[in-house]
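We'll go stop by stop, with something to select at each one.

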Amino acid sequence: MKPRHILMGAALAIAAGLAAFGDKTPDEEVAEAVERPAQAARTPAAQRTSAALAASATILRLQPRAELIGDVGGSGDDLFGSQDWTPPPPPPPTASAGPPPPPMAPPLPFTFIGKSLQDGKWEVYLATGERTHIAVEGGTLDGAWRIERIAPPMMTLTYLPLNQVQQLNIGAFD
């Protein structure tokens, strides 16, 4: 062990002893407020200084920045202004008035509820909102959908106004 270590160990032992066994009684004295000298006791120079401070304590109206430091935005004298080195974006492409997209059939409004097989023919039970439909091959639903084919797991329907075919998943054969 080096003498430095011994010295630091002794200092630590002394500090621990003072912390454990030192005087821990609180002071009974109360600190009194400091009294300042009266205004008359001040020197005339101090009175002039305080009068000048009181007169200058008024709050002034904010002034525009251009009045204070001048207009440096466009003159190139702006030391801390930002500079953008990225090229400008390309102009937006001209919108060509091409033909509108062809009309599409709306998504199927039906929700599959269940199905049954009776006398070799499938019946599929569908719901639209609170209405329930029984779909059979060759029938129509809501006057706009014709049931083309029922072959689990799919049911094929045709949207009559546009003659577009859509399929509905009705689940595998049970």
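What follows is a walk from the whole chain to single residues and their neighbours.

**Before you click**

This is a predicted model, so to speak of local features we need pLDDT of at least 70, and side-chain atom pairs count only at pLDDT 80 or more, while totals for chains, interfaces and linings use all residues. Residues are numbered from 1 along each chain as its sequence is written, and side-chain values use heavy atoms, with hydrogens and water left out.

**Whole chain**

Start with a cartoon view. Helices here are DSSP runs of H or I with at least four residues, strands are runs of E with at least two, and both are numbered from the N terminus. Of the 174 residues in the chain, 14% are buried. Buried means under 20% relative accessible area, exposed means over 50%, and partly exposed is in between, using a 1.4 Å probe and protein chains only.

Among contacts with a separation of 6 or more, 25% link residues 24 or more positions apart; a contact means heavy atoms within 4.5 Å.

**Stop 1: helix H1**

Select residues 3-21. That's H1, with 19 residues and a reach of 27 Å from first C-alpha to last, close to the 27 Å expected at 1.5 Å a residue. The expected span is 1.5 Å times one less than the number of residues. How many of the 19 residues in H1 are buried? The count is zero, and H1 is hardly covered.

**Stop 2: the three-stranded sheet**

Now pick E1, E2 and E3. They make an open sheet in the order E1-E2-E3, with antiparallel pairing. Two strands pair if DSSP finds at least two bridges between them. E1 (111-118) and E3 (131-135) stand at the edges with a single partner strand each, so one side of each has no neighbour in the sheet. From one strand to the next, the twist averages 20°.

Zoom in on E2 and E3, which pair in the antiparallel sense over five bridges. Click tyrosine 125 and look across: its bridge partner in E3 is isoleucine 134.

Next, select glycine 114, found in strand E1. Glycine 114 is buried, with a relative accessible area of 16%. Leaving out residues up to four places away in sequence, glycine 114 touches Glu123, Val124 and Tyr125. For a distance check, draw a line between the C-alpha atoms of glycine 114 and alanine 127: the two residues are 13 apart along the chain, and the atoms are separated by 9.8 Å.

**Stop 3: two hairpins**

Move to E4 (residues 140-141) and E5 (residues 145-151), which run antiparallel and are joined by two bridges. Threonine 140 has arginine 146 as its bridge partner in E5. Three residues sit between the strands of this hairpin, and aspartate 142 takes a positive phi near 55°.

Carry on to E6 (residues 154-159). E6 runs antiparallel to E5, with six bridges between them, and the hairpin they form has two residues between the strands. Isoleucine 150 finds its bridge partner in E6 at methionine 155.

**Stop 4: the nonpolar core**

Keep methionine 155 selected. Which residues touch the most other members of the largest nonpolar core? They are Leu126, Leu141, Met155 and Leu157, in a core of 16 residues. The elements giving two or more residues to this core are E2 (121-128), E5 and E6. A nonpolar core is a set of buried Ala, Val, Leu, Ile, Met, Phe, Trp, Tyr and Cys residues joined through side-chain atoms within 4.5 Å.

Show what surrounds methionine 155. Setting aside neighbours within four places in sequence, its contacts include Val124, Leu126, Ala135, Ile147 and Ile170.

**Stop 5**

The whole structure has two aromatic pairs. Rings of Phe, Tyr and Trp (its six-membered ring) pair if their centres lie within 6.5 Å; planes under 30 degrees apart count as stacked, over 60 as edge-to-face and the rest as tilted.

- Phenylalanine 110 with tryptophan 145 is edge-to-face, at 6.0 Å centre to centre and 75° between the planes. Phenylalanine 110 lies in the loop between helix H3 (65-69) and E1 and tryptophan 145 in E5, so the pair ties together parts 35 residues apart in sequence.
- Tryptophan 145 with tyrosine 159 is tilted, at 4.9 Å centre to centre and 50° between the planes. Tryptophan 145 lies in E5 and tyrosine 159 in E6, so this pair ties together parts 14 residues apart in sequence.

Buried or exposed? Phenylalanine 110 and tryptophan 145 are both buried, tryptophan 145 with a relative accessible area of 4%. Tyrosine 159 is buried too, at 16%.

Terms used
Axes fitted to C-alpha atoms, helices over the stretch in contact; angles between N-to-C directions.
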